[in-house]
Amino acid sequence: MIRYRAYAKVNIFLKITGMRGEYHTLSSRFMRVKDLFDTLWFEEKATPEFEIRGSFDCEVHANTIYKAYKHLLAVTRSDKLSSFFESHAVCVDKKIPSFAGLGGGSSDAATFLTMCNEELELGLSLNELAEIASHIGADVPFFVYGYESANVSGIGEVVERFDEPLIDFEVVTPDIQISTPSVYRYYREHLYAPISAEEAARLESTPSRDILAFMSPKEANDLYPSALACYSELSEKEGWFFSGSGSSFFRIK
Ligand SMILES: C[C@@](CO)(OP(=O)(O)O)[C@H](O)COP(=O)(O)OP(=O)(O)OC[C@H]1O[C@@H](n2ccc(N)nc2=O)[C@H](O)[C@@H]1O
Ligand SMILES: Nc1ncnc2c1ncn2[C@@H]1O[C@H](COP(=O)(O)OP(=O)(O)O)[C@@H](O)[C@H]1O
């Protein structure tokens with residue numbers, strides 16, 4: 001069976017540009033962490049229930065991989081798909097820490113969609129897969145496209161490849177479980193200051209190395225000051241940037 005890599009990501013910058021209903025619209029640069037990834041593959045099994053093999057802190061129906069399966073089945077209504085998972089389990093060698101702001105669950109879900117499309121020859125286009133991905137989580141579309149670096153906007157469904165060399169990151173993840181909704185809520189209630197379309201365009205045309213050289217960590221990620229305010233046990237790390245809603249920090253190796 002072919003093994004697939006579900007890479008982690010960091011947010012080089014993450015700026016809020018407004019609201020869309022309950023969700024925040026953002027302008028963010030996502031970049032792949034090339035030496036941090038989960039590995040996924042399919043394995044034959046005897047029992048018919050949907051099965052995910054791997055070390056998770058949630059039960060199977062809360063797993064983003066299962067949510068991806070349900071959405072894929074609803075869209076394709078494919079008997080080939082449902083019967084395949086009566087005889088095959090999804091195996092995951094989990095390396096990306098959870099609740100880390102590294103997109104672990106989102107990356108797994110996107111990789112699962114890609115694996116099904118390829119191995120079962122579902123014939124879905126990249127855009128069709130990304131459309132399904134947008135219903136699973138805000139970060140999932142980025143991982144479907146598979147770009148090493150991209151500008152992500154909307155609430156995460158607009159993904160535009162950014163052409164630049166990949167940067168080698170060092171990532172540390174303090175053992176603090178940060179709730180993404182809480183961090184966004186605090187930002188909205190206490191720190192809401194959306195940037196203009198012109199400022200977003202300027203950031204989106206700036207190479208990531210320049211962002212990391214000229215912006216402070218708190219300027220680069222609007223959710224960082226919010227996470228610090230929400231979690232007293234989270235402390236700043238001099239010279240390190242904050243990824244997504246956290247708790248991971250990263251810097252150039
Ligand atoms: C913060 C970011 C930055 O990349 O990722 P992580 O920190 O999780 O890696 C993303 O915006 C998170 O994406 P994701 O983790 O998929 O969020 P979801 O599960 O879709 O949403 C969790 C909750 O976060 C809030 N949310 C999420 C995305 C967004 N653009 N605006 C929001 O307000 C909503 O309250 C939502 O109910
Ligand atoms: N495939 C998955 N991998 C990791 N976590 C998952 C997965 N599916 C569901 N989860 C749940 O999502 C929570 C957040 O994990 P994750 O998406 O990795 O965090 P983040 O979005 O901050 O990177 C986990 O604590 C776990 O309960």
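**Figure 1. Polar contacts of ligand 2 in the predicted model.** A nitrogen atom of ligand 2 lies 3.4 Å from an N or O atom in the side chain of Ser98. Backbone atoms also take part in this view: an oxygen atom of ligand 2 is 2.9 Å from a polar backbone atom of Gly101, and an oxygen atom of ligand 2 is 3.4 Å from a polar backbone atom of Gly104. Of the 540 Å² of accessible area that ligand 2 has on its own, the protein covers 85%. The model shown here is predicted.

**Figure 2. The shell of residues around ligand 2.** Ligand 2 is surrounded by 16 residues. The closest of these are Asp57, Lys94, Phe99, Gly101 and Gly103. Helix H3, which spans residues 104-119, gives three residues to the shell around ligand 2, the largest share. Sorted by class, the shell around ligand 2 consists of six nonpolar, seven polar and three charged residues. The space that ligand 2 takes up is the largest pocket.

**Figure 3. Polar contacts of ligand 1.** The side chain of Lys9 places an N or O atom 2.9 Å from an oxygen atom of ligand 1. Two further views concern the backbone. At Ser245, a backbone N or O atom is 2.7 Å from an oxygen atom of ligand 1. At Ile155, a polar backbone atom is 3.5 Å from a nitrogen atom of ligand 1. Ligand 1 has 680 Å² of accessible area on its own, of which the protein covers 81%.

**Figure 4. The shell of residues around ligand 1.** A total of 22 residues surround ligand 1. Lys9, His24, Asp139, Tyr184 and Ser245 are the closest. By class, the residues of this shell around ligand 1 comprise 10 nonpolar, nine polar and three charged.

**Figure 5. Secondary-structure elements at the pocket of ligand 1.** The largest pocket is the space taken by ligand 1. Two or more residues of the shell around ligand 1 come from each of strand S1 (4-20), strand S2 (23-44) and helix H6 (180-191). Strand S2 supplies four residues, the largest share of the shell around ligand 1.

Conventions:
Residues numbered from 1 in each chain as written. Chains lettered and ligands numbered in written order. Predicted model: local features only at pLDDT ≥ 70, side-chain atom pairs only at ≥ 80, totals over all residues. Heavy atoms only, no water. Near = heavy atom within 4 Å. Polar contact = N/O pair within 3.5 Å; in protein donor to acceptor, adjacent residues only side chain to side chain. Areas by Shrake-Rupley, 256 points an atom, 1.4 Å probe, with all protein chains shown as cover. 1 Å grid on protein atoms, 1.4 Å probe; cavity = no way out; pocket = protein on both sides within 12 Å on 5 of 7 lines; lining within 4 Å. Sits in = over half its atoms within 2 Å of the grid points. Nonpolar A, V, L, I, M, F, W, Y, C, P; charged D, E, K, R; others polar.
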